[in-house]
Amino acid sequence: MNDDNVFEDVEQLFYEAMEQIEKIESGKKFYVRDLFRGYQWNQTDMGARLMLGKLFSNEKRNKYLKSGVIVPIEQDKEGKKKQQQYLKV
C-alpha cells in the first residue's frame, strides 16, 4: 500500500468518525476506536490508526473539538497504550 492510499484511508476514517460523534449521547466518554465497529478498527493498519488519532485531536480539523462539543479528558497511559479519551458535552 502506498502513502497516498494510507492518507485516503485515514481521511475516510476521519469522516466516518465525525459522523459517529453525532450518535453519541451527551455525557458519554469515548476513545476514537469506539467510533468504529470492532472488525473495522482491528483491520485498520496500525500506522493509519496513529495518523487518525493525531488528525482527530487536531482542533483545526475537528469541528467538534473546536466548538467544544467534545473535549479531551484524560489519556490512557496503561502499558504502551497512549490513547486520548474524550467526553461529549
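Trainee: Why does aspartate 4 count as exposed?

Mentor: Happy to start there, bearing in mind that this is a predicted model. Aspartate 4 has a relative accessibility of 51%, and exposed means over 50%, so the label applies. This aspartate sits in helix 1, which covers residues 3-21.

Trainee: What makes a negative surface patch here, and which residues form it?

Mentor: The patch is formed by Asp4, Glu8, Asp9 and Asp45. Asp and Glu count as negative, and like charges are joined within 9 Å, so these four residues carry the negative label as a group.

Trainee: Now for glutamine 85: why is this residue called buried?

Mentor: Glutamine 85 has a relative accessible area of 10%. Buried means under 20%, so glutamine 85 belongs in that class.

Trainee: Where does glutamine 85 lie, and what does it touch beyond residues up to four places away in sequence?

Mentor: Its place is strand 3, residues 83-88. Leaving out those sequence neighbours, glutamine 85 touches Lys29, Phe30 and Tyr31, together with Val71, Pro72, Ile73 and Glu74.

Trainee: And the chain as a whole: how many helices and strands are there, and in what order do they run?

Mentor: The protein chain has four helices and three strands, arranged α-β-α-α-α-β-β from the N terminus. Of its 89 residues, 31% are buried. Its accessible surface is about 6,300 Å², with 47% belonging to carbon and sulfur atoms.

Notes
Residues are numbered from 1 along each chain as its sequence is written. This is a predicted model: local features need pLDDT of at least 70, side-chain atom pairs count only at pLDDT 80 or more; totals for chains, interfaces and linings use all residues. Side-chain values use heavy atoms; hydrogens and water are left out. Helices (H or I, at least four residues) and strands (E, at least two) are DSSP runs, numbered from the N terminus. Buried means under 20% relative accessible area, exposed over 50%, partly exposed in between (1.4 Å probe, protein chains only). Contact means heavy atoms within 4.5 Å. Patches are made of residues with over 30% relative accessible area and no salt bridge: like charges are joined within 9 Å, nonpolar side chains (Val, Leu, Ile, Met, Phe, Trp, Tyr) within 5 Å. Accessible areas come from the Shrake-Rupley method with a 1.4 Å probe; for residues, only the protein chains shown count as cover. A salt bridge is a side-chain nitrogen of Lys or Arg within 4 Å of a carboxyl oxygen of Asp or Glu. The place of a charge is taken as NZ of Lys, CZ of Arg, CG of Asp or CD of Glu.
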